[in-house]
Amino acid sequence: MVEKNIRLEVMQALEPKVEGYMDSFLIPIEDIWQPTDFLPDSDSESFLNDIEQLREESKELGYDFWVTMVADTITEEALPTYESWLMDVVGIDQHGDHKTNGWAKWVRAWTAEENRHGDVLNKYLYLSGRVNMREVEITTQHLIADGFDIGTDRDPYKNFVYTSFQELATNISHKRVGQMAKKKGNALLGKMCTIIAGDEMRHHLAYREFVKTIFGEDPSGMMLAFADMMKKKIVMPAHFLRESGGSIGTAFENFSNCAQRLGVYTAQDYVDILRKLNSYWELETVRSLNEEAEKARDYLLKLPARLERIAERMKFPEDQYHFKWVEANGTL
């Protein structure tokens, strides 16, 4: 049987469970937080004073911090790309008689939750007065217009490996940014980033559950897809970042160096995430693997130690690259 047909059959077999996944891992719209819950209330008489306080608190945060905040925001703002990509995955169908397809409903509901992140972060950046919003907006438009390629094609197995990994990576990044903000006395931004991190964790738990369930249906196919993704490396969705006048991807490496210097997201974090996924998916006990999948399992189990050795030798430039997004002032 053709490989993609097997994937379609598995996705169709799991579709009745998606409603339960939505109940377990997503929050009803009427109950979940909204961006205005964290921002100055424009209807309040204290609105201007609240903005002034927000701007004063923002002055304590340094250059690398703001670069990381901008890149995190732009990544969240590029959601139209992510939704359109996932809607094209095998088994996810929003057309004709399939417009009520459970997987399509999941993607739309997941996107709706994620959309609030870019919304609140964008408004905070605008009010802070610490960044060049026009340059930020240009980069966001470029990122959406350029599209992206995370190496998953239309394969649901690979896409779910990617989202399992990436949602935990964004959880780590937002959580640490929140901790740094709180340490500098910015309680509002600290709380905002922490609750965004909580959303990312819920989404991570959902996607890793999708993968675990697929391991029960098609263990060899899932193992091979996991290994293939790790051989390609999990790239950030913003790896095509560029500034105005720049070429695709030129801004990403410099942003990554900022995140590494700050300790927001590091090479060691990448290794730790892989270890957690290997453990949760219980790779050592997966049964009924074919010969190729057995080799893939062996590769995946040895990979964390190998990557850790590489991470220990990695060097990152200490000099700050000056982005157009942020004025080069302040230190953290």
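## Ground rules

Local features here need pLDDT of at least 70 and side-chain atom pairs count only at pLDDT 80 or more, while totals for chains, interfaces and linings use all residues of this predicted model. Residues are numbered from 1 along each chain as its sequence is written, and side-chain values use heavy atoms, with hydrogens and water left out.

## Open pockets

Let's start with the open space. A pocket is an open set of points on a 1 Å grid over the protein atoms alone, with protein on both sides within 12 Å along at least five of seven lines, and lining residues have an atom within 4 Å of a point. Volumes are the space filled by probe spheres set on the points, which are joined across faces, edges and corners.

The largest pocket holds about 770 Å³. Its lining has 34 residues, with I234, Y265, A267, Y270 and M314 nearest the centre. Helices α4 (63-77), α8 (156-183), α10, α11 (250-262), α12 (267-280) and α13 (291-313) each give two or more residues to that lining; helices here are DSSP runs (H or I, at least four residues), numbered from the N terminus. The top contributor is α11, with seven residues. By class, the lining splits into 21 nonpolar, eight polar and five charged, where Ala, Val, Leu, Ile, Met, Phe, Trp, Tyr, Cys and Pro count as nonpolar, Asp, Glu, Lys and Arg as charged, and the others, Gly among them, as polar.

The second largest pocket comes in at about 230 Å³. Residues lining this second pocket include M22, D23, L26, E113 and R116. Both α2 (18-25) and α6 (102-128) give two or more residues to its lining, and α6 gives the most, with four.

The largest cavity has a volume of about 240 Å³. Y82, W110, Y162, Q166 and P237 are the closest to its centre among 18 lining residues. Helix α8 gives the most to this lining, with six residues, and the classes run to nine nonpolar, five polar and four charged.

The second largest cavity has about 60 Å³ of space. A71, D72, T75, E76, T170, H174, M236 and F255 line it, with α4 giving the most, at four residues.

## The core around L241

The largest nonpolar core has 104 residues, and F65, M69, W106, L241 and W325 touch the most other members. Such a core is a set of buried Ala, Val, Leu, Ile, Met, Phe, Trp, Tyr and Cys residues joined through side-chain atoms within 4.5 Å; buried means under 20% relative accessible area (1.4 Å probe, protein chains only).

Leaving aside neighbours within four places in sequence, L241 is in contact (heavy atoms within 4.5 Å) with residues including A71, I74, F255 and W325. A71 and F255 also line the second largest cavity.

## Helix α10

Notes
1 Å grid on protein atoms, 1.4 Å probe; cavity = no way out; pocket = protein on both sides within 12 Å on 5 of 7 lines; lining within 4 Å. Buried < 20%, exposed > 50% of the residue type's maximum accessible area, 1.4 Å probe, protein only.
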